[in-house]
Amino acid sequence: MNRRMRTYFYAVFGAIGGLIGWQMSNFLGLSFIKNLYLSEAIVGALIGFIIGLSIGVTEGLFTQNLVQAIRAGLFSALLGLVAGAIGLPLSEYLFQAVGAGFLGRALGWGIFGLLIGLAEGVVGKSQAWKGMLGGLLGGVLGGVLLESAPNWLGDPLSGKAAGLVLLGASVSAFISLIVVLLSRAWLEVASGKLKGTEFILDKFMKAGGPAIAIGSSALKSEIVLPDPDIAPQHAMLTGDGTRFSLKDMSLAGTYINGKKIERSQLSNGQKIRMGNTDMIYHEKR
């Protein structure tokens with residue numbers, strides 16, 4: 001999945017999450033508990049769980065990494081649950097007590113999106129603040145659409161369905177869009193089963209931060225390449241704050257522009273080969 005298609009698929013999966021969330025919340029009802037805020041917290045948690053799950057599994061599915069999909073999906077779902085439990089009652093409070101009205105509800109959904117963006121930033125290959133910023137923007141826009149949809153359609157039930165679909169799509173799309181627009185370094189797979197897939201590396205750029213392993217094992221590597229000629233943990237990427245260096249950890253070898261390396265600093269446009277898989281390193285200055 002390249003960076004351009006990434007945003008499209010995030011929006012689609014987020015919209016599906018919103019639709020499922022609507023079906024489940026509609027089944028339970030919006031006011032099945034006398035305490036309004038407790039009811040809003042439960043329904044919000046449910047919607048957040050479903051949308052968070054949908055966002056979380058997207059990256060893992062498109063990189064054909066089942067372990068990453070399960071891990072990211074569960075973590076994002078739990079953060080989404082918390083986001084919904086906070087965001088929906090908060091929007092109701094701003095609407096009821098502060099008199100913020102329509103804007104208050106939108107801001108409440110902005111908090112919802114921000115926390116889901118935090119989850120994506122933690123489990124994905126991006127810096128957390130980018131996911132949070134995207135989630136906040138998407139949540140506010142999605143909140144406006146959610147609150148406006150019933151008036152546009154003239155039917156509360158259809159409006160709620162359309163609104164939650166638009167909310168899920170908006171939060172998901174903006175999380176991906178901000179990460180893509182502000183990304184500084186990424187790997188593009190140029191051959192093999194994952195051809196066209198791009199792995200954003202910004203989260204690992206920080207000096208003294210965690211290194212990122214590249215290999216064929218989902219249990220031993222963060223970037224997983226389904227190639228039998230690639231070792232379970234084939235090479236290691238390490239950031240120094242401005243650039244990445246690549247260290248070979250295999251018996252078969254790692255090649256940069258056709259030359260076998262032990263350790264080398266990467267620069268924009270270099271071609272990396274591991275096993276039968278080629279990758280191109282990109283960076284923006």
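Me: Which residue is the bridge partner of tyrosine 255 in E10?
Reply: Arginine 273 is the bridge partner of tyrosine 255. This is a predicted model, and in it E7 and E10 pair in the antiparallel sense over 3 bridges.

Me: What else does E10 pair with?
Reply: Strand E10, residues 271-274, also pairs with E11, in the antiparallel sense and over 4 bridges. Arginine 273 turns up again there, opposite aspartate 278 in E11, and isoleucine 272 stands opposite methionine 279.

Me: How many residues lie between E10 and E11 in the hairpin?
Reply: The hairpin has 2 residues between its strands. Glycine 275 sits in that turn with a positive phi of about 60°.

Me: Which residues of E10 are on the covered face, and which on the uncovered one?
Reply: Ile272 and Met274 make up the covered face. Lys271 and Arg273 are on the uncovered one. In a regular strand the side chains alternate between the two faces of the sheet.

Me: What does E1 do with E11?
Reply: Strand E1, residues 185-189, pairs with E11 in the antiparallel sense, over 5 bridges. Within that pairing, leucine 187 has tyrosine 281 as its bridge partner.

Me: Back to E7. Where is asparagine 257?
Reply: Asparagine 257 is in the loop between strand E7 (254-256) and strand E8 (259-261).

Me: What is its phi?
Reply: The phi of asparagine 257 is positive, about 50°, although the residue is not a glycine. Most residues other than glycine have a negative phi.

Me: Different topic. What is the strand order in the open sheet of 5 strands?
Reply: The order is E4-E3-E5-E6-E9, with mixed pairing. E4 and strand E9 (263-265) are the edge strands, each pairing on one side only.

Me: How does E9 pair with E6?
Reply: E9 and strand E6 (residues 244-248) run in the antiparallel sense and share 3 bridges. In E9, serine 264 stands opposite leucine 246.

Me: Where is serine 221?
Reply: Serine 221 is in the loop between strand E3 (212-215) and strand E4 (223-224).

Me: Is serine 221 buried or exposed?
Reply: Buried: the relative accessibility of serine 221 is 6%, and the cut-off for buried is under 20%.

Me: What is serine 221 in contact with?
Reply: Beyond neighbours within four places in sequence, serine 221 is in contact with Ala213, Ile214, Gly215, Pro232 and Gln233. With proline 232 there is a polar pair: a polar atom of the serine 221 side chain lies 2.7 Å from the backbone oxygen of proline 232.

Me: Now the helices. What span should H5 have, and how far apart are its ends?
Reply: Helix H5, residues 128-153, has 26 residues and should span 38 Å at 1.5 Å a residue. The C-alpha atoms at its ends are 36 Å apart, which agrees.

Me: Where does H5 bend?
Reply: H5 bends by about 30° at glutamate 147. Proline 150 follows within four residues of that point.

Me: Which residues of H5 are buried?
Reply: The buried residues include Gly131, Gly134, Gly135, Gly138, Gly139, Gly142 and Gly143. Lys130, Leu146, Ser148 and Ala149 are also on the list.

Me: And what follows H5?
Reply: Glycine 154 follows H5, with a positive phi near 70°.

Me: Where is phenylalanine 9?
Reply: Phenylalanine 9 is in helix H1, residues 3-28. Phenylalanine 9 is partly exposed, with a relative accessible area of 22%.

Me: How far is its C-alpha from that of serine 172?
Reply: The two C-alpha atoms are separated by 8.9 Å, and phenylalanine 9 and serine 172 are 163 residues apart along the chain.

Me: Last, the whole protein. How many helices and strands, and what share is buried?
Reply: The protein has 6 helices and 11 strands. Of its 285 residues, 52% count as buried. The protein exposes about 12500 Å², with carbon and sulfur atoms supplying 66% of it.

Me: What share of the contacts comes from residues 24 or more positions apart?
Reply: Such pairs account for 58% of the contacts with a separation of 6 or more.

Methods. Residues numbered from 1 in each chain as written. Predicted model: local features only at pLDDT ≥ 70, side-chain atom pairs only at ≥ 80, totals over all residues. Heavy atoms only, no water. Buried < 20%, exposed > 50% of the residue type's maximum accessible area, 1.4 Å probe, protein only. Contact = heavy atoms within 4.5 Å. Areas by Shrake-Rupley, 256 points an atom, 1.4 Å probe, with all protein chains shown as cover. Polar contact = N/O pair within 3.5 Å; in protein donor to acceptor, adjacent residues only side chain to side chain. Pairing = 2+ DSSP bridges. Expected span 1.5 Å × (residues − 1). Bend = angle between axes of the 7 residues up to and from the residue.
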